[in-house]
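Dear colleague,

I am passing on the structure below, and would be glad if you could read my notes beside it.

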Amino acid sequence: MKQKMDVLQGTLALMILKTLDVLGPLHGYGIARRIERISGDLLAVNQGTLYPVLLKLEQEGSIASEWGASENNRRARFYRLTRQGRKQLEAETQDWEQTAAIIGRFFQVKPEDLT
Amino acid sequence: MKSLRRFLTRLRNLATGRQDDERLQEEIEEHIALQAAENLRAGLSPAEARRQAMLKFGGVEAMKEEYREERRVLLFETLAQDIRNGLRMLRKSPGFTVIAVLTLALGIGANTAIFSVVNGVLLRPLGFRQPPQLCLIREIIPQLTKFYPTFPANVPDFRVWQRQLRSFKNIGLAEGISMDFTGRGGAVELPGAQVSSTLLDTLGVNLALGRNFRPEEDQPGRDHVVILTDSFWRSEFHGDPSIIGKAIALNGGPYDIVGVLPASFHFPQSSELGTLTNFSPHLAFLKPLGEDASQIDLLGEFDYAAIGRLSPGVSLAHALAELNVVQAQIAKKANEKVDLRAEIIPLASEILGPARQGLLFLLAAVVAVLLIVCVNLANLLLARVPRRMREAAIRTALGATRARLVAQVLTESLLLGAFGGALGILVAFFGVRAIISAAPPGIPRLAEVSIDGRVLLFAIFISVIAAALFGILPAWRIAHAEPQDALKSGETKATERRRTRGLRSSLIGVEVALSTILLILAGLFTSSLAHLLRVNTGFSVAHVLAADVDPPPQNYSSNVSATRFYNQALAAIRAIPGVRSVGWINKLPLEGEGSVSAVALPGANVGNTSNLPPVNYRVVSPGYFATMGIPVIAGRTFTDSDRGRKVVVVSRRIAQNLWPDRNPIGQTCLISWGGWKSVQVVGVVGDIRTVQMDKSPVMMVYLQTWPFDHIAWGGSIVVLTMMDPDGAASAVREAIHRVDPDVPITALRPMTTVISKSVDTRRFQMLLALLFAVCALFLASLGIFGVVAYSVEQRRHELGIRLALGARLRDLRAMILRQGMSPVIAGLAAGVAASIALGSLIAGLLFGVHAFDPLTFACVAIVVVLVALAACYIPARRAMRVDPMVALRYE
């Protein structure tokens, strides 16, 4: 069995934001499952990191939370994206694409390009 | 922004902590339940589904901790804990706490008090509108710069400036005067200022009540109006707002009160406005100029402080250039062989300049005292380090980080700093009062000094700095404890002790060095004052009383009646039993220059006074010289038979200047006293220090009272008597009042008081410096005592072994003294070196003593060594009384 990758530091917040953006309000477990699923089960979301990151995002005002009913009809905390979170997501998406593009160029570089 | 928001939320979390923990617990349970349900759907048994879910979730407790870390403000929670711990530690050693807080309070209090003086005098802006635009204008006569580099302004020049200068928005004039005020308590002499109607506008002062002077009131005859200062208005009229329009009696005539100045108005003192101005620090009133410019010589009566406000955007250099063009025109118009220039000085720097050096020096001295306090406390705390090593080691073993240990120890010192600072502010409050009441009048703006917000901030700031200073070393030592070592053998590890001891010894060196510097400076000041008091003034003050009298001009309208009053008063005093001799002079020595004019040989070009050296004129009665013990070098002094004859007595410097190789007696010279007059010299007397104790004698011409219309009605009667001073004073007062009870006696004191007053500023500086130096030495000796006592205590075991092995008590004592004294000697050397390096900075504050005075240095070295020896010897001796067997069993 292929070893699952741990989520890279700092990218988890971005993944949470994007997941909430696409899927609307979700509880913690739902977020973790979707991230794992989207990654094709290649990523394992460490719960020990997930909840502190959720709290951090909430305290920064990017997401908000309220109680709701879960699939098995129990009380669960649902997180949703705020307007500020949406802005942050846009900004971070751009940053990420830029970073990825730069890294991509480095991977494509050949010796003759530099002479 | 984001981090701020996070911080604020965290602050809120402090209050809602428990609720959040419950919420997290619920979320975790739900998470695991959802996972288990999914596992169940995937076909696992219920128990296995739950087990897998929990396994996948991982360590709940670790996660909770991480979650909490994210949530809270760690600092606040541990801080509260540290403060609780710190207070417990301080309570546990009350002796240490009391000493620490008291010495800190003294150090911080003294610093705060001196700083509040510096703040009030140097830092707080002048009470005028836009002070940077204000400047002082002084006139320069290049031919006279040898004698007076600059002069105050005169009225005719001021009028020309006002008409012609574009660089100045406004210019105001002021001259210090005094007038006899007849109020409820009889006649008193009231200090005031004669000012141009433009002065208050120039300064930008708005009146609290009434109106400013009108331009036409500058003319003589229309000038019978006054503006009162706030303090006089309150003390004399109880702040009566309906005072405007009423009249007060000044010099016997009515003056209408037209305005009252605001309480914030503080006119600069003469020491701040340059030589030859004369303002009382406690002005009671302002009156208009009352001078007709056309009646005044274009190059005479340089009596007025001139303050100008520059037009916006005009630089000092530009204004000066324009002013000098106008000055040249004035000189040309005056048609005398003399040039006229001017200088412009920013008012703030002129006011503060002279006081700055002395004050900054005091501030430096008092900071040194605080440093010593800090070093002492650092030493005391270091002494407690070994005892706390065990505690620190246990805490480290239990997982405390170094930062945490440092924070704990620093919190303790910050607590001490807080207590010391709070008490220090109280000390400063009384200190400031003491300084204001003890300070000589020369310090500008001292009356404005108070403890304001800035001073409080300063007190808090230095408390924190001090706490950090004395806390950081012990904190560092504790944080670097090796847990195993400390746990293994408690506090007796010799290596640990030696390192701490080395650190404490070098701190002693620092203390001694600072004390040495302060002692040397204080010694130099003391020696300066002693030199000054021993300086040959040229007159003798023992058993001489001086009574300042001021016959009111309205009762003594003529020269004749005033002379009659003085003759009768002198005769009445002479008749008092025990009075040896009595005399009169219009202005006492050491009370500054006055009646400055010129003297010339017959035939000299006296149309041009400006290239003649300035001479101080004094009017005296025949008995003055004998009473003051001024020696007659040649010829004689005045006698009654000189009445009506045009004769003068001159000082030795004049005789040498005018007749270097001839007998001056019987020579004729020209004096400038209400116009040029030819007089004959009948005597030469010794030079005396007329201006100040530290200024060498100036040239003097003495006139007798009667043949000339002299201007000054007021003067001083000097009495040589062998009676006790109190009895003599009341007898003199009685005698004068028998002649005329309406003549105010404005001062009556021994001449020694006059001398001592003239050195007030120096004495004040010296006393403060001495006080700080003695404090420093005392603190340093406490520090030495503490270090030696502690090290003896720690080494009892070792000393016992040495004794048991046959060491003699004397040798052990010598060893302890040697070890105790070595940092003292090093510190002494460093202090002497630093004093030599700093010497040039204070050379200007000294008199008659070199900044590297070997005698002072030697005395200080001896004092420091003796005090340090005593501080080492006492604990050393106590240790030696111990029986070696007891010492050995001590462990």
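Which residue in β18(B) is the bridge partner of Val647(B)? The partner is Gln680(B), and this is a predicted model, in which local features need pLDDT of at least 70 and side-chain atom pairs count only at pLDDT 80 or more, while totals for chains, interfaces and linings use all residues. Residues are numbered from 1 along each chain as its sequence is written, chains are lettered from A and ligands numbered from 1 in the order in which they are written, and side-chain values use heavy atoms, with hydrogens and water left out.

To begin with chain B, strand β16 (residues 647–651) is joined to strand β18 (residues 676–685) by five bridges, and the two run parallel; strands and helices here are DSSP runs, numbered from the N terminus, of at least two residues (E) for strands and at least four (H or I) for helices, and two strands pair if DSSP finds at least two bridges between them. With strand β19 (residues 700–704) of chain B, β16(B) pairs in the antiparallel sense over three bridges, and there Val648(B) has Leu703(B) as its bridge partner. Five of the five residues of β16(B) are buried, where buried means under 20% relative accessible area, exposed over 50%, and partly exposed in between (1.4 Å probe, protein chains only). Val647(B), Val649(B) and Ser651(B) point one way from the strand, and Val648(B) and Val650(B) the other way.

In chain A, three strands form an open antiparallel sheet in the order β2-β5-β4, with β2 (26–27) and β4 (63–69) as the edge strands, each pairing on one side only. Seven bridges join β4(A) to β5(A) (residues 75–81), and within this pairing Glu66(A) has Phe78(A) as its partner. Helix α2(A) (residues 28–38) is mostly covered, with eight of its 11 residues buried, among them Tyr29(A), Ile31(A) and Ile35(A); just after this helix, Gly40(A) takes a positive phi of about 70°.

The count of salt bridges over all chains comes to 16, a salt bridge being a side-chain nitrogen of Lys or Arg within 4 Å of a carboxyl oxygen of Asp or Glu. One of them is formed by Arg75(A) and Glu26(B), with the closest N and O atoms 2.9 Å apart, and this pair crosses between chains, from strand β5 of chain A to helix α1 (residues 2–41) of chain B. Another is formed by Asp548(B) and Arg749(B), at 3.0 Å between the closest N and O atoms; the pair links distant parts of the chain, from strand β11 (residues 544–549) to strand β21 (residues 745–750), 201 residues apart. Asp548(B) counts as buried because its relative accessible area is 14%, and Arg749(B) is likewise buried, with a relative accessible area of 14%.

With best regards
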